[in-house]
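Student: Could you help me learn to read a protein model? I would like to take one feature at a time.

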Amino acid sequence: MTTAHLVLPALAMMLLTISILFVMGAKRTKAVTSREVSAKFYSLYNEGQEPDHLRVITRHIQNHFEVPPLFYVSVVLLILLNAITSYAVALAWLFVIARYAHTFIHLNGNKLNLRFASWVLSIFALVGLWIVTLISAIGSL
């Protein structure tokens, strides 16, 4: 397996995060221009309240800066350790697919049981990826 095999799921994850940032920006802009939300709210986040439909996407993008960085670190470590295996690649893609599912569910109806299931799947994939990383790191000692 080559570096590209692990870089591609990392790029797919980054594209998901960037696309959600653009969607959030567009939704916020629309809400401010339609006066649904005061622009002052976004200066310090303490004047008024964000409507629920905007709060969902705001919270969702925050999620992308909580767990996914652990994914990126594992990918980088596996590349540095020259330990790109089919297991690592499969787990990386499973993580990304589960995160795409999580995003779709969270931003389209937000069915909590489905969202939780996709989140748990992504966590299992991430833990598996870190186990592969740990085994590779120990093996390189």
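This is a predicted model: local features need pLDDT of at least 70, side-chain atom pairs count only at pLDDT 80 or more; totals for chains, interfaces and linings use all residues.

Student: Where is Arg35, and is it buried or exposed?

Tutor: Buried means under 20% relative accessible area, exposed over 50%, and partly exposed in between, using a 1.4 Å probe and protein chains only. Arg35 sits in the loop between helix 1 and helix 2 (41–44). With a relative accessible area of 77%, Arg35 is exposed. Arg35 also has a positive phi of about 65°, although it is not a glycine.

Student: Which loop holds Asn82?

Tutor: Asn82 is in the loop between helix 4 and helix 5. Asn82 is not a glycine either, yet has a positive phi of about 55°. Its relative accessibility is 69%, so Asn82 counts as exposed. For the chain of 141 residues, 37% count as buried.

Student: How do I read the way helix 4 and helix 5 cross?

Tutor: Axes are lines fitted to C-alpha atoms, for helices over the stretch in contact, and angles run from 0 to 180 degrees between N-to-C directions. The axes of helix 4 (residues 68–80) and helix 5 (residues 86–107) come within 12 Å and cross at roughly 160°. Therefore helix 4 is roughly antiparallel to helix 5; angles under 35 degrees count as roughly parallel, over 145 as roughly antiparallel, 65 to 115 as roughly perpendicular and the rest as oblique.

Student: Which residues of helix 4 and helix 5 meet?

Tutor: Contact means heavy atoms within 4.5 Å. Pro68, Phe71 and Leu78 in helix 4 meet Ala88, Ala92, Phe95, Val96 and Arg99 in helix 5. By class, this contact of helix 4 with helix 5 has seven nonpolar, no polar and one charged residues. Ala, Val, Leu, Ile, Met, Phe, Trp, Tyr, Cys and Pro count as nonpolar, Asp, Glu, Lys and Arg as charged, and the others, Gly among them, as polar.

Student: What about helix 1 and helix 4?

Tutor: The axes of helix 1 (residues 3–33) and helix 4 come within 10 Å, crossing at roughly 160°. So helix 1 is roughly antiparallel to helix 4. Their contact has 12 nonpolar, two polar and no charged residues.

Student: What does Ser136 touch?

Tutor: Ser136 lies in helix 6 (residues 112–139). Not counting residues up to four places away in sequence, Ser136 touches Leu78, Leu81 and Ala83. Ser136 is buried, with a relative accessible area of 17%. The side chain of Ser136 has a polar atom 2.8 Å from the backbone oxygen of Val132.

How values were computed:
Residues are numbered from 1 along each chain as its sequence is written. Side-chain values use heavy atoms; hydrogens and water are left out. Helices (H or I, at least four residues) and strands (E, at least two) are DSSP runs, numbered from the N terminus. A polar contact is a pair of N or O atoms within 3.5 Å; within protein, one must be able to donate a hydrogen and the other to accept it, and residues adjacent in sequence count only if both atoms are side-chain atoms.
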